[in-house]
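I opened the notebook for a new model today.

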Amino acid sequence: MQMIATLLRRSAKLPLVVSAAALFFLMVMTFSDVILRSAVNNPIESATELTRLFMAIVVFASLPMVSWKGNHIAVDLLDPIFSRKMARGRDIIIDLVCGLALLWPAKRIWELAERARGYGDVSEYIGFPQYLPGWFIAFFTLTTALVFIARGVTRIVAPSRIHTR
């Protein structure tokens, strides 16, 4: 059991490594594009497409871990109104509702990616198949939905295992 937990913990960090690599590549590409545009008046033609692709990777690959750790932006205006027990109930409901709500976008994005695959849609400059980013986004949206549901259930069963702000 301990080995499975270790494996899960390590595999959960893989999307963060992918996200960090995409962010680094995005930074290098933007720097190079600015230098090429300014110095030799020859920008990277596919920079817009690559920026969109890598931004999707950065955002959606990191979303499950951000959701599990509760590192979202939080507005705590109403926190003083809730007692400790009520806040726990509120957080359970929020996690479960968010998880259930994300199931529909994941399904819909997958359907749109399949439609793009059926049409043979590719990006304008580099000819990258449009369904691949769609699959990526759908997969990580579904993963985030499952993470929210698992977080809500964990709050019920083992609340001490949940990271709090």
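I note here that the model is predicted.

Entry: helix α2.
I took the ends next. Helix α2 runs over residues 47–69, which is 23 residues. From first C-alpha to last I get 33 Å. The span expected at 1.5 Å a residue is 33 Å, and the helix comes close to that. Just past α2, I checked the backbone of G70 and found a positive phi of about 70°.

Entry: helix α3.
Just after α3 comes G120, with a positive phi of about 75°.

Then I listed what is buried in α3. The residues are A87, I92, D95, G99, A106, A113 and A116. What covers them? I found that α4, residues 131–157, is included in the cover. I marked D95 for the charge check, as one of the buried residues of α3.

Entry: salt bridges.
How many salt bridges does the count give? I get 8. I looked at three of them, starting with D95.

D95 pairs with R151, and their closest N and O atoms are 3.3 Å apart. D95 sits in helix α3 and R151 in helix α4, so this pair ties together parts that are 56 residues apart in sequence. Are the two partners buried or exposed? D95 has a relative accessible area of 5%, so I log it as buried. R151 comes out at 4% relative accessibility, so it counts as buried too. The cut-off I used for buried is under 20%.

R90, D91, D95, R151 and R155 are linked in a network of salt bridges.

The next two pairs stay within helix α3. K107 forms a salt bridge with E111, with the closest N and O atoms 2.4 Å apart. These two residues are 4 residues apart in α3, about one turn of the helix. I checked the accessibility of E111 and found 32%, so it counts as partly exposed.

E114 and R117 make another bridge, at 2.8 Å between the closest N and O atoms. Both lie in α3, 3 residues apart, again about one turn. E114 has a relative accessible area of 25%, so I put it down as partly exposed. R117 is at 43% relative accessibility and also counts as partly exposed.

Entry: the largest pocket.
Last, I turned to empty space. Rolling a probe the size of a water molecule over the atoms shows where empty space is left. The largest pocket has a volume of about 970 Å³. It is lined by 23 residues, and those closest to the centre are A5, L8, R9, A12 and W68.

Which helix supplies the largest share of the lining? I found α1, with 8 residues. Helices α1 (2–39), α2 and α4 each give at least two residues to the lining.

Key. Residues numbered from 1 in each chain as written. Predicted model: local features only at pLDDT ≥ 70, side-chain atom pairs only at ≥ 80, totals over all residues. Heavy atoms only, no water. Buried < 20%, exposed > 50% of the residue type's maximum accessible area, 1.4 Å probe, protein only. Contact = heavy atoms within 4.5 Å. Expected span 1.5 Å × (residues − 1). Salt bridge = Lys/Arg side-chain N within 4 Å of Asp/Glu carboxyl O. 1 Å grid on protein atoms, 1.4 Å probe; cavity = no way out; pocket = protein on both sides within 12 Å on 5 of 7 lines; lining within 4 Å. Points joined across faces, edges and corners; volume = space filled by probe spheres on them.
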